[in-house]
Amino acid sequence: MSHPTLAQKFVDNKPRAQWHDKALWFVREKRDRMAASVPEWEDLRSHASAIKIHTMSQLPTYLEKFEANAKTLGVHVHWAADGDEHNRIVHEILKKHDVKKVVKSKSMLTEECHLNPFLEKNGYEVVDTDLGERIVQLREETPSHIVLPAIHIRKEEVGECFHEHLGTEKGVSDPKYLTEAARGHLRERFCTADAGITGVNFAIAETGGFVVCTNEGNADLGVSLPKLHIACMGIEKLIPRASDLAVFLRLLARSATGQPITTYSSHFHGPREGSELHMILVDNGRSGILAKPEFRRSLGCIRCGACMNTCPVYRRSGGHSYESTVPGPIGSILTPLQTPEKHASLPFACTLCGSCTDVCPVKIDLHHQLLAMRGFLDRKKLLGMSKKLSMKFLSGLLSSTWMFTTAGTAARTALRWMPRFAVYNPLNGWGKQRELPEPPMQSFRDQYAEHKKNSRGPS
Amino acid sequence: MTQTTREKVLANLRAALPESSPLPDLPVTGPWQTFEDPFARFCEVLEAVGGVCHRVKTRDEAHQHLLGIDEWQNAAVRISEVDGIGDSTVDITTIEDPHDLENVDYAVLHGHFGVAENGAIWVTDDTLKHRVLYFIPQRLVIVMPTVIVDNMHEAYGRIKVGQHAFAGFISGPSKTADIEQSLVIGAHGARALTVFAVDEF
Amino acid sequence: MKVALFIPCYVDQFYPQVGMATVKLLEHFGVEHEFPKAQTCCGQPMANSGCMPEAKPLAMKYVDVFKGYDYIVAPSGSCVSMVRNHYETFFTDEDKAANDVRNRTYELSEFLVNVLNVREIKGRFASNVGIHQSCHGLRELRLGPSSEVMKTRPSMMTDLLAGLEGISFSKLQRTDECCGFGGTFAVAEEAVSCMMGEDRVNDHLSAGTEVLTAGDMSCLMHLEGIIRRQKHNIRVMHFAEILAEALETPVAV
């Protein structure tokens, strides 16, 4: 289905859509307060942007450097061209270690590769340990936001879900009570897991290590108990130097959730004694994006979600309306670049307001890229016949002054004379909830001509 | 011989990029945010995120403080990796498997310094046997010298990243707001964090 | 100075009063003006739909129609943003003549403030005015401060209005959230578009807005459409209309 259809469904439940909108606006406001408390905020954004542009321009070299340094630390480094290869590699590693139970912390990359269904099909028990992700996992849904996976779910619904799966009291929806229940439930999973899978927030080329940021501590518990840690990473998550972390860690949590830093920012360099650390470096279309200068900067994304929080369309349509692992503004660039046919409506789920560009901590020109995506889809002939034809028609009409003025006069006259039912009917998309403008007797150019004739002033 | 994925990916990346352009300089210079009273700011932020901060002169003072905390006194399983502060109800040197630390109620561990802008403390795995102790106990105490830097740039200036298999910043007790954006302290990691900044560490 | 009026296509046909108000303002400041009759549209609807080949002839027409003027002034942030920021798709650095026309294209408030150096307009407009910050003017042309960016900037439209006697400004919950028009978005994503518009209108209603104003008639057309359908008592005016009306209303002695 397309975004407009799913968005309509979302908006049809107006109270819920308003609740969703307010919840995310609240997060945007927290971000604003945090940003305002850092005098050099805009400079930090510029630095982050420059670091990412630099890194992308030298990505192969930095990846080689990272790999060499990681190997020196005793990390097993694997490369995956796409999601399927990534999943196979995970499977091989787990099989080799006789793994039955896996705990996983938040990784949009593994979502992108559809790792969970693949592992389950192959007989592994996979438990998502981030509370929001666990909730959507139990409800057999996908996350609707890359940082706040369960933002679309009401606490009563979490209560129902936990009553069914965790045995909490029926009808109780107190977040503290429910979180406590999840704590016990997941603690048992951490303690019995054979392997922990994490994502990677930042990988450091200079040192061969990487950083994982969480508030819950689930990533750390997941990898500090079992003897196997698999870290999955998109190749664009690299930064050159450890000192660059200062810039990114100052920006990430403030942009994402309006906190100064996540509770845990764990730096991993090599395996824990007596255990193994594997990293999988995944391409899955990223080299293709790198090859497109118009869209290259979107690879700088640090997956903070700020663009989603600020997007007035995302807030009122929900992440699921994008049918994309990463939704919202950044997702509407990245996903259609991979699957343009399926996701052609996404770059149009946007008014080009530019708010996303202004909150992006790495200064990706999101709204300009969304506009460029529309041209990209046009060149692929994916705009849809009616849209293309009406634009061709309009272009022809507007190219001729007399055609334009004649059509304008005709439209105004028609609107003045047509009965209301003829104007406002199901064919009139504008008129469903809005009045059309009052048609004036004269156009501006007619009034101007008269004004010039009447005025005694300068020509 | 078929190209490995590694070779393929690197080749695709090289093909994607324009011919070598001069490596743009990466000056990342400040000025960065500083605070008139970094310690006060550190405490303020730590408390705002649910932590507790005490400044003491000596380790013994911190120890005396701990003795006064009910949860510590009543804790069934306590571990301390810091000489002179707290005690251990189990002999950590005999514990080989980190899973055996599941029931630790209270742990007293090392920190190296704090960061004023975000209430974070730098910790490393060379101060304890099992790194899981930073995450698995119900309640955590971190003891550090009274050293506070203003911001993360200064923090990374102090650290040599890459020397420890595990190191990290910890800012406050664990938390989540995943249920209707309602903040709950105590997700999977510690439910409570107390920090002692010891002048005469 | 030789100034050309660039009047957005739909303003020409449906909101002539906005164009006339612009004329009134320019004449008040002694600016000689012309309306090159061959103009039609800047091509934004086509370009924003991704149809660059269909927008190009209109871009070529624009630079041809408006060549030779010192300034081209439009009461529209989005059209000016199209010409200044997005015509780069159609012209290279070598198209010096075309780029000259682009650089001389100004939105009305920035023309008044930055070119004519207007700091105050003397007149009376005793109403509680709700400012709507149109997105293109705000985030493309930087005609005002955007709430996302930690940098202060004057809001040119607000500053021009602030000097009017009797005026007050309503305090909104969200100072610069998009109205939801977005061009073809208004129809293609009608549900979200109208929810966004309704939320703006409700914000203004709660804030006691009597007159809703902006620098882009596209936003106002959409918001007014909702206001009139829901029969609210809010008057919708382009800021040029407010200034023109104020100029004709003597200041109380």
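Where in chain B is the place of B:Glu180?

Reply: B:Glu180 sits in the loop between strand E9 (175–176) and strand E10 (184–185) of chain B. Helices (H or I, at least four residues) and strands (E, at least two) are DSSP runs, numbered from the N terminus. This is a predicted model, where local features need pLDDT of at least 70 and side-chain atom pairs count only at pLDDT 80 or more, while totals for chains, interfaces and linings use all residues. Residues are numbered from 1 along each chain as its sequence is written, and chains are lettered from A and ligands numbered from 1 in the order in which they are written.

Now the backbone. B:Glu180 has a positive phi, near 50 degrees, and is a residue other than glycine. Next, its surroundings. B:Glu180 counts as partly exposed because it has 18 C-beta neighbours inside 10 Å. The cut-offs are these: buried if 20 or more other C-beta atoms lie within 10 Å of a residue's own, exposed if 12 or fewer, partly exposed in between, with C-beta atoms placed from the backbone.

A:Glu140 has 6 C-beta neighbours inside 10 Å, so it counts as exposed.

Back in chain B, look at another loop. B:Pro31 lies between helix H1 (5–16) and helix H2 (38–48). The peptide bond from B:Gly30 to B:Pro31 is cis, and its omega is near 15 degrees.
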